[in-house]
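Try each task yourself, then follow the solution step by step.

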Amino acid sequence: MLRPWIIAIACSGCAVEGWPAPGSDRESAPERTPAATLEGRVGDASGAPIAGAHVTTIPGGVEATTDADGNWQIGRVIPESYTLVIIAPGFAAQSIGPIAAAAGESVVTDAVLSAAVATNGVVRVRVVGPEGLPVEGAVAMATDGATTVSGTTDSAGHALLAGLAGLSVDVSVEDPSGRLGAFATQAVAVPTTGGVDVAASLAGIPAASAVFVGSEACRLCHPDAVSDAASTAHANALTGLTGAPADAFLGSTTVSIGSASALLSTVDGVATVTLTDATGASDTWPVSGFIGGEARGAVPWAERSGTAWPLPVAWVAPDPARPGFVDSGWVVGDTAPWLDGAGAFAYSGTPDVATSAEANCFGCHATGFTLSENAGVVSMAGVTITGARWDEAGVGCEACHGPGSEHVNAVAGEGPATITNPAHLDAERANDVCSQCHDARIGNANTPYAWSATDGMFAPGDDIAGFGTSAFISWSSGAAKVPHAQGGELSLSKHTTAGWDARCSDCHTSHGGGFTAETRQSAADNSLCLGCHSTLSFEGSLELTAAHTGHPVYVPETVVEEGRCVGCHMPSTAAQLVWSNESGAGDLRSHRMAIIAPSATVADFAAAGATELPAGEFIPNACQECHAWNDVVFSGYFPGPTGDMTQLATHELLDEAYQGMFP
């Protein structure tokens, strides 16, 4: 054992400046607080000693084991209040406390353990709160629909649910006080011999009286998280007239909309969009800002008669994975509220109120607001800012954590219970936090928000099933056909149904990951997927990797999708802004995580009885996004068939090649 060296230097008749002179008085060392001792005896109901029982202190986690006479001792503990957790094979666990251990005293605590009710077919549930401490009095329940067993947690946070041998049960935990969120997990397999452990972490829930305080209030204690999140697409979900999208208004930019057009310019210092229809009639809209921003694309919005509308043009952000092919620029947006089939104005004064930004956009792009509906008109109002539509533009901290006024004013130790941390929610509830805007839901008044006229807006920790209905529309493969439906796709994927309750946060971080779509690792070089699917790295074997993909090994320096996991498993089956006739695909990757063979696309053409279809009317497959660009970008570099992706013949060629590689 290494011991510290202590070097003593004695000086006779001398003194070092700042040191006490020889013989002078020195300040005496502080007195030590005497330690406490915990001890006792563990026996059964008959009084017989129980040898080998484990005794653990909370806090501290100091352990002791009983001897042949059932005696135990833990010495030199810090004087404070303790709970003792006592566990012995064949006996029910017991917790005793609080036990006050005073300085210099020995506290004797004896325990009598009862025989275990069951040792087989049990679910052992341990429940902790957001601060990691045991939750006493929580109600745990396990059920397979026919058999239901429930129990209440003890002071150590434990509940034992017996009589479930051989069943597959759903386990749930609720806090009767209502201050902590619920927990649930499904399809827990209970063995016939022994049992299974379920660890439940309950998240904090803001009080009903809590209000929004804004992300800047969070910065005081969480400066890094707030700073990192500031650059994300969430934080910039509503932006002013800044960045690359605003450059078009400095001069004049015309976007052709068939026989109509939109002129982007500045009039008297105000950015405007002037719409001209096929008859020559025009209407000028002063632009208030962008829905979205420079990072992921933007739609200008304008206000008239107290209501806002997204204008029928959009700015597409460049795709860093496909430079030279998907560049930034202005494209046609949603024209249905603005123009009829002949290109003439479809509105008088203002478009239909059902198409307003309040009813379709702002609810997922702002934080801190209430919604109301009257005669089809959806209105928004800030919670704490009078006269504003919202308290904070963009998706702020409280969109995912709940209103923070109680949290910022909490005393030491109470903070975690006053705010919702999605990491402490079960997988389904945690994913619901994302699904409030990424599940293609239809709420009250047909708004695409998780909004109930009776319960208000969804709050983190809520069950989203109670806030509207799913409007998830899929292709035949189960991949999303509509935007913002990633939650529905994930729930159908093997990442959720094959025994792994995948969370959105396993791959993404709302605080900013530094990669496209705020992923935790790069999807472009496969780091993201190989983080879990490590065996598919094939220990660096290029031959095995090529055999798995059926393509040449991925070369990170290129922009080709070949060899990328997401290239085959996450084709772009839905469109947020625009479908591309060049690639035949949308701009949102499927989260179904399933390869879509070209045969599915061929089937769509056959069902339509067509040999040519525009993008968006057939399911994009795993091959076409790469093969469409062979001649366009890569000058024939990419091997294999290519062609016009709106043509049936092209997909028949792709299907023939696919079947040859993966018969």
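**Exercise 1. Find the residue in β15 that stands opposite Arg124, and describe the sheet around the pair.**

Step 1. Arg124 stands opposite Asp197 in β15. Here strands (E, at least two residues) and helices (H or I, at least four) are DSSP runs, numbered from the N terminus.

Step 2. Strand β9, residues 122-128, pairs with β15 in the parallel sense over 7 bridges. Two strands count as paired if DSSP finds at least two bridges between them.

Step 3. Now look at the whole open sheet: its 3 strands run in the order β12-β9-β15, with mixed pairing. β12 (158-161) and β15 (195-201) are at the edges with a single partner strand each, so one side of each has no neighbour in the sheet. From one strand to the next, the twist averages 20°.

A reminder: strands of a sheet pair through backbone hydrogen bonds, either parallel or antiparallel.

Before you go on, note that this is a predicted model, in which local features need pLDDT of at least 70 and side-chain atom pairs count only at pLDDT 80 or more, while totals for chains, interfaces and linings use all residues. Residues are numbered from 1 along each chain as its sequence is written, and side-chain values use heavy atoms, leaving out hydrogens and water.

**Exercise 2. Describe how helices α14 and α16 pack.**

Step 1. α14 (residues 598-608) and α16 (residues 648-661) pack at about 150°, with axes 8 Å apart. Axes are lines fitted to C-alpha atoms, for helices over the stretch in contact, and angles run from 0 to 180 degrees between N-to-C directions.

Step 2. That angle makes α14 roughly antiparallel to α16 (over 145 degrees; under 35 is roughly parallel, 65 to 115 roughly perpendicular and the rest oblique).

Step 3. List the residues in contact, meaning heavy atoms within 4.5 Å. α14 brings Pro598, Ser599, Thr601, Val602 and Phe605, and α16 brings Leu648, His651, Glu652, Leu654, Asp655 and Tyr658.

**Exercise 3. How confident is the prediction for the protein chain, going by mean pLDDT?**

Step 1. The mean pLDDT is 87, and 90% of residues reach 70 or more. This score is the predictor's confidence in each residue, from 0 to 100.

Step 2. Over residues 1-29, the pLDDT is below 50. Where pLDDT is low, the predicted coordinates should not be read in detail.
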